[in-house]
Amino acid sequence: MLNEKIRKPIPYFEMYVSFLSTMLAIILLKDATFLDGNRTVYTIMSGVATQAVWSIAFAVSALLSICGLVWRRKRLRKVGLVASIVLYATLGYCYYAAGSYVGASAFVLSALFSLISIFEVDRTELR
């Protein structure tokens, strides 16, 4: 029993953010006119960056986190989480500016929990 390795908890929120970023990257890559809609939030997002930049940013954020998790590289995980904070806070602002407070809250909370997750990187890992 003393020689038994203590298992670290799985970083569930970090995995969620990685999958969310992957999903958003795929959606934005698949539909080239996604941000061309007449919804205010998409107009604001287009003012921040082009759709290609958004999709690449989400893909890079996801890849950093996923590679960090799989390869057990804490620095990659932290950089991926910092990228998630920036992306989701910016997305939250876009939704807030468009008057979509539920969407804004969801993305700001994702940014907040990404920040909290940075401090959990050292004590969590995939098994």
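A residue is called buried when its relative accessible area is under 20%, exposed when that area is over 50%, and partly exposed in between (1.4 Å probe, protein chains only). Helices (H or I, at least four residues) and strands (E, at least two) are DSSP runs, numbered from the N terminus. This is a predicted model, in which local features need pLDDT of at least 70 and side-chain atom pairs count only at pLDDT 80 or more, while totals for chains, interfaces and linings use all residues. Residues are numbered from 1 along each chain as its sequence is written, and side-chain values use heavy atoms, with hydrogens and water left out.

**The whole chain**

The C-alpha trace spans about 60 × 25 × 15 Å along its principal axes. Of the 127 residues in the chain, 35% are buried. Contact here means heavy atoms within 4.5 Å. Among contacts between residues at least 6 apart in sequence, 69% join residues at least 24 apart.

**Helix α3**

Next, select residues 51–71, which form helix α3. The expected span of a helix is 1.5 Å times one less than its number of residues. Helix α3 has 21 residues and reaches 30 Å from its first C-alpha to its last, close to the 30 Å expected. Colour its buried residues, which are Q51, W54, S55, F58, S61, A62, S65, G68 and L69. The cover over these buried residues includes α1, α2 (40–48) and α4 (74–97).

Two packed helices are described by the angle between their axes and the distance between the axes. Axes are lines fitted to C-alpha atoms, for helices over the stretch in contact, and angles run from 0 to 180 degrees between N-to-C directions. The axes of α1 and α3 come within 8 Å and cross at roughly 150°. Helix α1 is therefore roughly antiparallel to α3, a term for angles over 145 degrees. On the α1 side, the residues making the contact include E14, M15 and S18; on the α3 side, they include Q51, W54 and L69.

**E14**

Which residues does E14 touch, leaving aside its neighbours within four places in sequence? They are L69, R77, L81 and V121.

**R72 and helix α4**

Move to R72, in the loop between α3 and α4. Its phi is near 55°, a positive value in a residue other than glycine. R72 counts as partly exposed, at 44% relative accessibility. Just after α4, G99 takes a positive phi of about 85°.

**L109**

Finally, select L109 in helix α5, residues 101–118. L109 is partly exposed, with a relative accessible area of 44%. The C-alpha atoms of L109 and G99, ten residues apart along the chain, are separated by 17 Å.

Notes: Angles under 35 degrees count as roughly parallel, over 145 as roughly antiparallel, 65 to 115 as roughly perpendicular and the rest as oblique.
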